[in-house]
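Hi there,

Here is the structure I promised to pass on.

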Amino acid sequence: MDIRIQKTQTAIKNAFRELRAQKSVEKITVKELCQRAQINKSTFYAHYGDIYALSEAMQAETIAFVLGTVSHQRAYAALDPGAFTRSIFQAISTHRALIDSLFSPHERTRLGDALEAGIRQVVYQSYPEHRDDVEMSILLSYSIQGAYHAYLKNQDVDEETLVSAIERISKTLQPLY
């Protein structure tokens, strides 16, 4: 990618993150984003259709990054679900500020669903024999969504305590894998 394009996209994304820290996506205008990024509107529209397209692209990048962080740990999924769970939450925690700015509270379900879909893909790549196993599908949904929502609902708890509890619970499910 051309260095100018990279710099422009970085400026747009940084401006968007700054604005999202202050207000909802619905209240951000292309005009104010362009002023903050020091670009003109035509440059913005050369990259994105509108503010929502930019938001969705940044959300997708963030989800891909979190999943990319854990995808190399495929073996953990069945061998050590606790360690796999820990790696997922460490990836989320590392990018917590970005996730919080890009995913408003009503968009958190989208993040959870995307993480579940991505983690399923990782698990099924390593264990294709489970792809059509209904019980495994239910177990994955329960484990992933349950852990994710426990993480969201208990953010006032010390993070290590929370992740350790979720990790122990995941380990108790290991015999079902």
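Helices here are DSSP runs of H or I with at least four residues, numbered from the N terminus. Helix α8 covers residues 108–126, and at 1.5 Å a residue its 19 residues should span 27 Å; the end C-alpha atoms are 27 Å apart, so the two agree. That expected span is 1.5 Å times one less than the number of residues.

A word on the source: this is a predicted model, with local features needing pLDDT of at least 70 and side-chain atom pairs pLDDT 80 or more, while totals for chains, interfaces and linings use all residues. Residues are numbered from 1 along each chain as its sequence is written, and side-chain values use heavy atoms, leaving out hydrogens and water.

Next, a helix pair. Helix α9 (residues 134–153) packs against helix α10 (residues 159–172) at an angle of about 160°, with the axes 10 Å apart; axes are lines fitted to C-alpha atoms over the stretch in contact, and angles run from 0 to 180 degrees between N-to-C directions. The two are therefore roughly antiparallel (over 145 degrees). Ala147, Ala150 and Tyr151 of α9 meet Glu159, Leu162, Val163 and Ile166 of α10, where contact means heavy atoms within 4.5 Å.

Finally, a backbone detail: Gln38 has a positive phi of about 60° although it is not a glycine. Most residues other than glycine have a negative phi. Gln38 lies in the loop between α2 (30–37) and α3 (41–47), and counts as exposed because its relative accessibility is 73% (the cut-off is over 50%).

Best wishes

Conventions
Parallel < 35°, antiparallel > 145°, perpendicular 65-115°, else oblique. Buried < 20%, exposed > 50% of the residue type's maximum accessible area, 1.4 Å probe, protein only.
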